[in-house]
Amino acid sequence: MKTNAINLTEKLAKFSEHWSPRVVAEMNDYQFKLVKLQGEFVWHTHRDTDEVFLVVQGEMEIGFRDRDVILKAGEMFVVPKGVEHITRAKAECHAMIIEPRGVINTGEADSKLTANNDLWI
């Protein structure tokens, strides 16, 4: 059993790649992943699960076909399962994603931005 606190700032300092989530913890079948976002991702869906974004630092946008949601540090949003979305960040943004183990970052979209899954830091 791990008894040390997880320092998000220290974990974020261990990688520089954008759009490449890193797992920092698990709870039951859910993973807590840190990610650095900059620029525009890819339109995609997660057919079988909701996806939570919690902004740690900076600002990001979650785009939907009919609206956009802006998230700033300390804010979170739940993207419902099956809803097509895209994430964007004008400047580098650090966020936590909370989702079930095994979820691929690009969902069903075939993209060069598909990251290796289950990378721990």
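Phe77 is placed in strand E6 of a predicted model. The chain holds 1 helix and 7 strands, and its elements run α-β-β-β-β-β-β-β from the N terminus.

**Phe77 and its surroundings**

- Phe77 has a relative accessible area of 18% and is therefore buried, since the cut-off for that class is under 20%.
- Beyond the neighbours within four places in sequence, the contacts of Phe77 are Glu51, Val52, Phe53, Ile62, Phe64, Arg67, Val69 and Leu71.

**Aromatic pairs**

- The count of aromatic pairs comes to 2.
- One of them joins Trp19 and Phe41: the ring centres are 4.8 Å apart and the planes stand at 25°, so this pair is stacked; the class takes planes under 30 degrees apart.
- Trp19 belongs to the loop between helix H1 (8-12) and strand E1 (22-27), and Phe41 to the loop between strand E2 (30-40) and strand E3 (51-57), so the pair ties together parts 22 residues apart in sequence.
- Trp19 has a relative accessibility of 9% and counts as buried.
- Phe41 also counts as buried, at 9% relative accessibility.
- Phe64 and Phe77 form a tilted pair, because their ring centres are 5.9 Å apart and their planes are at 50°.
- Phe64 is in the loop between strand E4 (59-63) and strand E5 (68-72), while Phe77 is in strand E6 (residues 76-79), so this pair ties together parts 13 residues apart in sequence.
- Phe64 is buried, with a relative accessibility of 8%.

**Charges over rings**

- Lys36 has its charged end over the ring of Phe15, at 5.1 Å from the ring centre.
- Arg65 has its charged end over the ring of Trp43, at 3.7 Å from the ring centre.

**Salt bridges**

- Side chains of opposite charge can pair when their charged atoms come close.
- In this chain the count of salt bridges is 8.
- Arg22 and Glu17 are joined by one of these, with an N to O distance of 2.9 Å.
- Arg22 is buried at a relative accessible area of 12%, whereas Glu17 is partly exposed at 39% relative accessibility.
- Another salt bridge joins Arg101 and Glu26, whose closest N and O atoms are 2.9 Å apart.
- This pair links distant parts of the chain, as Arg101 is in the segment after strand E7 (86-100) and Glu26 is in strand E1, 75 residues apart.
- Arg101 is partly exposed, at a relative accessible area of 39%, and Glu26 is partly exposed at 36% relative accessibility.
- Arg88 and Asp68 form a salt bridge in which the closest N and O atoms are 3.7 Å apart.
- Here too distant parts of the chain are linked: Arg88 is in strand E7 and Asp68 in strand E5, 20 residues apart.
- Arg88 counts as partly exposed at 21% relative accessibility; the cut-off for buried is under 20%.
- Asp68 is partly exposed as well, with a relative accessible area of 45%.
- Arg88 and Asp68 are also members of a network of salt bridges that includes Glu40 and Glu61.

**The chain as a whole**

- The radius of gyration of the chain is 14 Å, which agrees with the value near 14 Å for a compact globule of 121 residues.
- The C-alpha trace spans about 45 × 30 × 25 Å along its principal axes.
- Of the 121 residues in the chain, 43% are buried.
- Among contacts with a separation of 6 or more, 64% are between residues 24 or more positions apart.

Terms used: Residues are numbered from 1 along each chain as its sequence is written. This is a predicted model: local features need pLDDT of at least 70, side-chain atom pairs count only at pLDDT 80 or more; totals for chains, interfaces and linings use all residues. Side-chain values use heavy atoms; hydrogens and water are left out. Rings of Phe, Tyr and Trp (its six-membered ring) pair if their centres lie within 6.5 Å; planes under 30 degrees apart count as stacked, over 60 as edge-to-face and the rest as tilted. Helices (H or I, at least four residues) and strands (E, at least two) are DSSP runs, numbered from the N terminus. Buried means under 20% relative accessible area, exposed over 50%, partly exposed in between (1.4 Å probe, protein chains only). A charge sits over a ring if NZ of Lys or CZ of Arg is within 6 Å of the ring centre and within 35 degrees of the ring normal. The radius of gyration is taken over C-alpha atoms; the globule rule is 2.2 Å times the number of residues to the power 0.38. Contact means heavy atoms within 4.5 Å. A salt bridge is a side-chain nitrogen of Lys or Arg within 4 Å of a carboxyl oxygen of Asp or Glu.
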